[in-house]
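Dear colleague,

I am handing over the structure below, followed by an account of what was found in it. Please read the notes alongside the coordinates.

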Amino acid sequence: MKGQLVVGFSMACLLAVWAGGEETSGRATIRRVLATEGAAVERAPAAVAARERIVADAAGARRSGAGGAAWIEYQREGIGPSFTHRPNAQTTLRAGIPFVWPWRADDRSRLRARADDWQSVATEASSLGVAAEAARRWLELAAITERLGIVRARVERLDRAVALQQRRLELGEISGMELTQLELERARWRSTVAGLEADTAVARERLRELCGEGCLFPRNGDLLALERATSTPDEASARARLEAAPAWRMAGAQDSMAQERWSLAAVTAPGHPEVELEWEQVPAMEGLPGYDAAGLRLRVPLPIGSDVKAARAEAAARQREAAAGAEAERVRQLRTLTGTLEAARRSGERNEELGGVLENAASTERALAEQFRLGAISYLVYIDGLGRLDDVRLDAVEARRRLLAARLELAAMLADPACFPVPAGAQKGDER
């Protein structure tokens, strides 16, 4: 094939999905995700290797239907000392080629067509898989980024609390134990910040492994923007989309290609017929004139023998294996779809529950501040109350990540950008 198979991203389609009054930050988040996925599909060594493996497998399938390579043979007899040509030496030139019977041409055409179909859909499925893996790593980094922001804010609050309590200790208003408790709490959360910063560095490198310099890293608020910009499909529509998705079609295309390939292999189990043309030059000898002669040889293998029988049995078993494998893959996809839909539903419920709690977070913070101002609670209680709100925020980040991870898996299975930003399709480039 000339060139490479290039993945195209249908931005117009994606923008149409999310155009309904969505905020600009949501569209910016989607663009970052799609750009990262596109860089991974284009640059990731694993993606390039997968595309080339698909090309090689499809070429191997096409080659299995061919008769074989032509040959040419030159034969010279009667070579004497110093490679001299003896007077009675005969020279022969032969050319031959294996071939497939003309009535098997349709079988070969169908095999080539099935290989082309499989290569196209397998390339699309492979690109979608690489994009999904990049999105998984992007989501992981986004969740760490948001957790890090929450924990850093907590540490800053504890820094202010420690400074305030130190002044109060100097004035004799509190005991040293209260200050020590705050310092211990601050040390614990500073350690958490250090751990999250290390996790951030690792997650960034894992993402760069796929998309190199084309990565656009997540920012605080991206998870919420993605949650609002995506949705979980109902089971009926998801099952309908699954049958049109690349992974489902690839299983069928692979089965069809295997059926044609092994059907032809059963027919050609004895081997391919061969035709050979020959030209001979016989020299003059003992008064007899020399002459040139042309010959024709046709070799036709006979469909008999234990080897032929075993080859046909293998071909039939390979056909059954391909059919069973395709059916098993479809069953696996249906089971995975059902499980992922359930995971998305449960994560969505948990996310809504925590979201309802966080809707009152601002008023809760004001209430805690007012109680502290009026002396109803101590500063330690005030800080502890704010810390509990932070714990809920951290739980909400994890719940949102789980929801988006489930939607991503659905998008990868269904090739549906409404579930999560993924490539909307693939375009074939020039054939090599």
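This is a predicted model: local features need pLDDT of at least 70, side-chain atom pairs count only at pLDDT 80 or more; totals for chains, interfaces and linings use all residues.

**Helix packing and salt bridges**

On the H4 side the contact is made by Trp138, Leu139, Ala142, Ala143 and Glu146, and on the H6 side by Asp222, Leu223 and Leu226. Sorted by class, the residues of this contact comprise 6 nonpolar and 2 charged ones, with no polar residue.

Helix H6, which spans residues 222-229, is mostly covered, since 6 of its 8 residues are buried. The buried residues are Asp222, Leu223, Ala225, Leu226, Glu227 and Ala229, and Asp222, Leu223 and Leu226 also belong to the contact with H4.

Turning to the charged side chains, a search of the whole structure finds 38 salt bridges, of which I describe a few.

One of them joins Glu409 to Arg136, with the closest N and O atoms 2.6 Å apart.

Arg188 forms a salt bridge with Glu185, the closest N and O atoms being 3.1 Å apart; the two residues are 3 apart in helix H5 (residues 176-211), so they are separated by about one helical turn. With relative accessibilities of 45% for Arg188 and 25% for Glu185, Arg188 counts as partly exposed, and so does Glu185.

In helix H9 (residues 306-359), Arg345 and Glu349 are 4 residues apart, about one turn of the helix, and their side chains meet in a salt bridge with an N to O distance of 2.7 Å. Arg345 is partly exposed, at 39% relative accessibility, and Glu349 is partly exposed as well, at 42%.

Finally, there is a network of salt bridges that links Glu73, Arg94, Glu274, Glu276, Glu278, Arg297 and Arg299.

With best regards

Terms used. Residues are numbered from 1 along each chain as its sequence is written. Side-chain values use heavy atoms; hydrogens and water are left out. Buried means under 20% relative accessible area, exposed over 50%, partly exposed in between (1.4 Å probe, protein chains only). Contact means heavy atoms within 4.5 Å. Ala, Val, Leu, Ile, Met, Phe, Trp, Tyr, Cys and Pro count as nonpolar, Asp, Glu, Lys and Arg as charged, and the others, Gly among them, as polar. A salt bridge is a side-chain nitrogen of Lys or Arg within 4 Å of a carboxyl oxygen of Asp or Glu.
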